[in-house]
Amino acid sequence: MSDLKNKLLKDEYRDEKDVSKFPVLALLDITEDEYNFLKGLQLETIENLANNWNEHYDKIAKKIPKERINSWIAASRLLSIEETEKITAGAKIVMVGIDNAGKTSLSIALKHRGALSQLFQKLYALTPTRGLLRSKIEVFGMDVHLHELGGQNIYREDYLKNPQQYFVGTDIILFVMDVQDKDRFEESFEYLKQITNVTNALKLKVPWKIFFHKSDPEYELDEKTTEIFGSIIDYMTKNCSYFDPARDLFRTSVKIRSSILGAFSHMFRKISLIQEGVDEATKNVAEQLKADFFGLYDFRSNVCFAQFALKEELIDIAHNAYYEAIETIVNMREPFLRIRRYTLDEEVNEVFILRDLRFGGDRYIMAMLTTDEEMARNLDQDAVQEIIEEKLRDWIEFRGYATFPIE
Ligand SMILES: Nc1nc2c(ncn2[C@@H]2O[C@H](COP(=O)(O)OP(=O)(O)OP(=O)(O)O)[C@@H](O)[C@H]2O)c(=O)[nH]1
Ligand SMILES: [Mg+2]
């Protein structure tokens with residue numbers, strides 16, 4: 001209890017009881033002015049903010065940067081959850097795109113643990129999804145409900161006619177487009193426009209993500225393709241207030257496993273309002289372990305929730321190494337440790353370490369890359385577990401996940 005209070009509250013409030021009745025001013029990084037502003041919106045206490053932020057989010061966002069608001073909301077939710085022991089519900093992601101775009105393949109590829117050849121066999125046997133297909137993936141205790149909308153023409157009509165049935169309560173809309181199917185670019189783009197029109201008409205302020213899927217390693221984009229990408233980006237930027245190409249576009253392929261893991265992990269980190277805290281804590285862990293990359297993966301979904309990378313390019317290397325390593329683990333129920341060496345350029349050797357971790361009854365997989373061979377060789381596993389627990393446990397156990405504001 002006190003741990004969380006130490007992290008989130010100003011000194012003078014740390015010893016008090018009944019946190020949820022505290023004024024939001026008690027939160028570590030909130031100023032008097034900001035507090036008065038929230039008070040004016042009837043968001044005076046931690047409890048008010050935790051429960052009613054949704055209603056006023058837009059108004060607050062006009063004055064205060066979203067990162068700040070999100071961190072306050074997350075903090076107040078964490079503190080209230082801790083008091084009431086209520087864990088929040090989950091998130092909902094709707095996947096759309098025309099038939100054969102690769103929606104079902106994406107959700108299968110993310111979770112697949114075996115060899116790549118086995119994955120391809122599974123994907124080869126796929127048949128078109130008939131209407132709405134629900135599945136659930138667990139991401140660090142958060143239930144993410146994945147709703148795939150089968151993209152064949154006969155089903156699309158219904159989504160467009162009854163959009164409220166499919167899109168209300170959605171945290172993310174994920175549009176999947178097959179970059180290799182040039183003959184159907186127009187059709188795909190048209191469908192994207194139709195969906196944005198109906199969701200905009202419903203005044204849903206849902207963040208969009210676009211996957212330019214089947215961006216296989218050997219596949220080269222031609223001029224026509226880059227042109228249509230450009231038009232899609234322009235269109236989305238103009239028509240969807242939450243769309244930012246720098247953040248919301250991904251090139252994915254089932255042949256590059258890191259691309260899918262990376263894209264989903266990025267998305268899930270974004271929908272948790274505690275990202276800032278997790279990032280900070282993860283960086284601390286990496287520093288203590290002298291790791292150039294540190295990632296904590298969910299044992300069930302493979303999603304990497306806590307991630308730190310000294311260099312951007314290490315992320316893909318680590319994600320790929322992660323899949324490669326878990327492929328060889330026959331019995332996932334038993335504890336495991338995998339160490340292998342990667343030569344990046346001529347000179348740099350990165351040692352990849354993968355092991356399972358348990359805390360709070362749940363299971364995670366830790367991966368790290370380090371150039372410190374000495375450290376890797378003498379890795380004290382208990383000490384590693386301790387460092388991770390100390391820094392990350394609160395964030396993971398009190399997952400104050402929240403959803404984006406939805407109307
Ligand atoms: N080359 C390549 N093929 C892929 C990739 N991902 C999926 N595919 C293939 O694309 C085909 C269609 O995939 P699905 O996942 O069934 O497509 P879908 O979007 O779910 O289609 P509907 O359910 O009809 O809406 C399958 O034959 C996959 O093998 C990829 O990254 N690269
Ligand atoms: Mg499908």
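The briefing below treats the metal site, the helix that contributes to it, and the cavities.

This is a predicted model. In it, a magnesium ion (ligand 2) is coordinated by two threonine side chains, T104 and T129. The structure also holds four cavities of 30 Å³ or more.

**Metal site**
- The magnesium ion (ligand 2) is coordinated by the OG1 atom of T104 and the OG1 atom of T129, at 2.0 Å.
- T104 belongs to helix α5 (residues 103-111), whereas T129 sits in the loop between α6 (116-124) and β2 (132-139), so the pair ties together parts that are 25 residues apart in sequence.
- T104 and T129 are both buried, that is, each has under 20% relative accessible area.

**Helix α5**
- Helix α5 is mostly covered, since seven of its nine residues are buried.
- The buried residues of α5 are K103, T104, S105, L106, S107, A109 and L110.

- The largest cavity has a volume of about 70 Å³.
- Its lining consists of I98, D99, N100, A101, M177, D178, D181, R184, F185 and S188.
- The elements that give two or more residues to this lining are β4 (172-178) and α9 (185-201).
- By class, the lining of the largest cavity comprises four nonpolar, two polar and four charged residues.

Conventions:
Residues numbered from 1 in each chain as written. Chains lettered and ligands numbered in written order. Predicted model: local features only at pLDDT ≥ 70, side-chain atom pairs only at ≥ 80, totals over all residues. Heavy atoms only, no water. 1 Å grid on protein atoms, 1.4 Å probe; cavity = no way out; pocket = protein on both sides within 12 Å on 5 of 7 lines; lining within 4 Å. Points joined across faces, edges and corners; volume = space filled by probe spheres on them. Helix = DSSP H or I, 4+ residues; strand = E, 2+ residues; numbered from the N terminus. Nonpolar A, V, L, I, M, F, W, Y, C, P; charged D, E, K, R; others polar. Donors = N, O, S within 2.8 Å, 3.2 Å for Na, K, Ca; no water. Buried < 20%, exposed > 50% of the residue type's maximum accessible area, 1.4 Å probe, protein only.
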